[in-house]
Amino acid sequence: MPPVSHAVNRRSFLQLGLGVTVLGAVGCSPAKPASKKEDSRTFTIYWNAGHGYKAYQQVIDQFGKDHDLQINWQKFQWPDLTTKLTADFRSGNVPDLVEEVSAGTGTQYGLAGNVLALDDFAAADKAFGFPGDYLDQAVVARQYEGKTYSVPLHLTANGLLFYNKAMIGTAPTTWDEFLDAAKSATKDKVSGCSLNSDPSYAAPYYDQQKVDFSDVAAKQFMQPADDALKAMQFLQDLIYTHKVSPAPVATTDYSGPQKLFSAKRAAMFVSGPWDIGPIRQGSPDIELGLAEPLTGTVQSAAMAGSGLMIPSKAKDPKLSWELITRLGAVKTELAATKEAGMSMPRKSWAADPSVAADPNLAVIAKSLSVVAKQDIALSASGKAAQIQDLWKKAYQQMIIQHAPVGPTLDDFRKQAGAAL
Amino acid sequence: MIRRRQAMTAWLFLTPAVLFFVLLFFLPIGNQLLTGAYDSDGTSFVGLANFSRAFGDPEVLHSFLITLVYAAGTLVVGTAVGLGLAVILNQSLRGRTLFRSVLLIPYLTSVSIIGLLWRNILDPQVGILNRLLEAIGLPGQTWLSTHPLATIVGITVWSSGGYTMVLFLAGLQGIPGLYYEAARIDGAGPWRRFFAITLPLLAPTTLFVSIIGLISTLQQFALPYIVTGGGPGNATSLYAHRLFMVAFNDNDFGYASALSLLLLVVVLILSLAQLRIGDRADA
């Protein structure tokens with residue numbers, strides 16, 4: 001074949017191919033590209049998957065209608081939310097409002113410049129009542145050097161004793177009573193109690209021995225050491241010596257004890273108000289008892305509860321603040337409590353007759369009065385997540401893998417001190 | 001002139017692929033290299049400090065070691081299982097097409113579903129496996145607590161066994177029946193035929209399976225993340241999981257980038273070594 005003819009054919013072929021490619025690219029593009037205006041009218045919210053209550057759904061839907069916004073309400077498990085948010089902060093493509101996993105997380109992000117201090121918004125919006133109408137411990141744990149980086153959404157205590165009234169006659173109040181009750185209830189396929197694989201559930205126990213998880217200024221962790229040993233040894237013995245609790249399974253799911261309790265395979269477990277709803281809905285036949293936190297050396301619980309924070313690069317922070325005020329209104333709080341049994345941070349919520357008359361909420365209120373103080377400096381150090389990961393490793397080694405408590409705690413202290 | 005035109009034509013056809021690789025592979029790798037030379041805030045240039053730090057980091061060294069154990073276990077057991085299944089399903093059995101299809105289903109299933117499925121199956125209290133064991137009078141086991149890494153290996157083999165089987169089946173069907181006929185005439189039994197004919201002639205397939213398997217196991221992240229969260233302790237915190245924690249938990253993207261590049265180097269070295277071994281075997 002002559003070269004010229006060959007080249008012409010190839011050129012024609014290439015021209016045809018190029019034309020088809022261009023046409024294909026045009027044809028595959030959206031018929032009506034999303035305009036910038038539409039993008040700016042999308043309001044993105046990151047939320048915990050377990051907190052998607054109808055009470056919040058209604059508020060968010062109404063907010064979207066009032067402002068003609070397209071609401072993109074994304075729900076995640078906490079670890080996934082943290083991962084997504086970290087990536088978003090890196091890329092600069094952030095949501096408009098984020099549920100904060102716990103007090104201190106907002107401070108950590110705020111000090112890195114990723115979320116806004118909300119004091120000016122609150123000062124300009126007296127009707128919202130922040131921080132005046134909020135319980136002090138929920139606010140103080142979110143403040144650093146005079147700035148507040150999140151508004152509490154829920155205020156709960158991890159340390160409530162859940163018990164099956166058909167299996168446990170009288171709720172134990174001390175560690176000795178707890179152990180006795182667990183031994184009595186353990187039979188066949190039923191365990192007296194159930195421990196969690198999530199290390200944060202150990203907090204009520206070491207708080208009850210007056211152990212401080214961290215003292216950043218002194219670079220100390222889990223002190224006094226003897227009391228920390230006592231607390232963690234007690235937990236380990238529940239599984240391996242007294243055999244009243246199954247060893248938890250290492251997972252990212254913290255609902256294992258609640259599921260065992262709901263399946264009537266465990267008579268007691270220690271948790272927070274977030275487990276009331278799943279038990280009531282999943283096992284309405286269980287006669288659920290809710291008791292105050294146990295007393296070791298002292299009666300104590302660990303503070304828990306999520307908050308709301310606004311990323312620094314949110315499209316319209318004023319709009320985000322408005323949604324915070326709607327979600328944090330006492331009316332919304334009461335609706336969420338009625339729906340899910342969740343406890344809330346407002347003083348006016350606690351004073352509401354419907355709350356005061358609820359026996360479970362009275363127990364929660366009592367627990368909130370004994371929550372241990374948090375070390376705000378740990379969040380401010382920017383190393384909280386890294387140290388929590390080290391604690392998770394140590395906790396699982398002691399509780400799941402039956403590692404000796406003393407040396408494991410010592411290793412944790414060394415590694416956490418080095419991480420700081 | 002013609003050669004130039006031909007070269008231009010070749011480049012024109014190659015351009016989309018080159019652009020694809022440059023934009024989506026080489027530029028990100030270059031960016032990783034750059035990020036790896038900066039501190040956790042991405043503000044101070046630290047040179048090779050992040051790379052040298054990895055060699056003294058006990059968590060990273062532990063994760064690398066268990067990743068090698070995981071990779072070796074998965075490759076050895078997975079290859080043996082895949083080959084065994086392929087040999088069995090290469091016979092003229094009734095319903096073999098159905099078996100082949102069924103065995104391939106786990107490979108076609110999302111790793112998230114596989115992880116959640118096995119997490120529930122292996123739950124010591126409410127999982128179906130312990131209930132079955134109890135039903136036949138055997139004691140229940142805490143698989144994910146006592147042998148977490150071996151359990152993850154088992155789940156990986158279960159999910160990838162079908163794919164390995166398909167690859168070996170393709171290899172088996174490429175072996176001429178003539179060889180087996182000649183061997184039979186010479187009096188070779190089934191084991192002799194397997195070791196003298198099947199296994200040597202499957203060497204290219206075995207090499208392919210081992211390289212693909214090695215790369216995927218060294219990069220394994222999703223399965224331990226979903227099933228155990230890297231626990232208990234750090235027993236299943238494989239290298240990619242450790243890398244993820246450094247990036248998204250510790251927020252140290254400089255160090256995480258360095259770790260990811262070190263993994264790339266390890267994968268490259270091991271893959272080249274395998275290819276070299278394969279070449280020598282062929283020679």
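Reply: Happy to! One thing to keep in mind is that this is a predicted model. Let's begin where the chains meet: the contact takes 26 residues from chain A and 25 residues from chain B.

Me: Which helices of chain A each supply at least two residues of the side that touches chain B?

Reply: Those are helix H1 (3-28), helix H4 (78-91), helix H11 (256-262) and helix H19 (384-399) of chain A.

Me: And where does the largest share come from?

Reply: From H19(A), which gives six residues to the side of chain A that touches chain B.

Me: What's that side like by class?

Reply: The side of chain A that touches chain B has eleven nonpolar, nine polar and six charged residues.

Me: OK, new topic. How is chain A divided into domains?

Reply: There is domain 1 (12-156 + 304-369) and there is domain 2 (160-300 + 383-419). Taken over C-alpha atoms, the centres of domain 1 of chain A and domain 2 of chain A are separated by 30 Å.

Me: How many residues does each domain of chain A put into their contact?

Reply: Domain 1 of chain A gives 16 residues and domain 2 of chain A gives twelve residues. On the domain 1 side, helix H17 (residues 359-368) of chain A brings the largest share, five residues. By class, that side of domain 1 of chain A, where it touches domain 2 of chain A, has six nonpolar, nine polar and one charged residues.

Me: Let's hop to chain B. At what angle do H3(B) and H13(B) pack?

Reply: At about 150°, with the axes of helix H3 (residues 58-89) of chain B and helix H13 (residues 239-249) of chain B 8 Å apart.

Me: Why are they called roughly antiparallel?

Reply: Angles over 145 degrees count as roughly antiparallel, so H3(B) and H13(B) are roughly antiparallel to each other.

Me: Which residues make that contact?

Reply: H3(B) uses Glu59(B), Val60(B), Ser63(B), Phe64(B) and Thr67(B), while H13(B) uses Tyr239(B), His241(B) and Arg242(B). By class, this contact of H3(B) with H13(B) has three nonpolar, three polar and two charged residues.

Me: Last one, strands. How do E9 and E10 of chain A run, parallel or antiparallel?

Reply: Antiparallel: three bridges join strand E9 (residues 212-215) of chain A to strand E10 (residues 220-223) of chain A. For Asp212(A), the bridge partner in E10(A) is Gln223(A).

Me: What about the bit between them, in the hairpin?

Reply: The hairpin of E9(A) and E10(A) has four residues between the strands, and Lys219(A) takes a positive phi near 55° there.

Notes. Residues are numbered from 1 along each chain as its sequence is written. Chains are lettered from A and ligands numbered from 1 in the order in which they are written. This is a predicted model: local features need pLDDT of at least 70, side-chain atom pairs count only at pLDDT 80 or more; totals for chains, interfaces and linings use all residues. Two strands pair if DSSP finds at least two bridges between them. Domain bounds come from an automatic or database domain assignment. Two residues are in contact if their C-beta atoms, placed from the backbone, lie within 7 Å. Ala, Val, Leu, Ile, Met, Phe, Trp, Tyr, Cys and Pro count as nonpolar, Asp, Glu, Lys and Arg as charged, and the others, Gly among them, as polar. Axes are lines fitted to C-alpha atoms, for helices over the stretch in contact, and angles run from 0 to 180 degrees between N-to-C directions. Angles under 35 degrees count as roughly parallel, over 145 as roughly antiparallel, 65 to 115 as roughly perpendicular and the rest as oblique.
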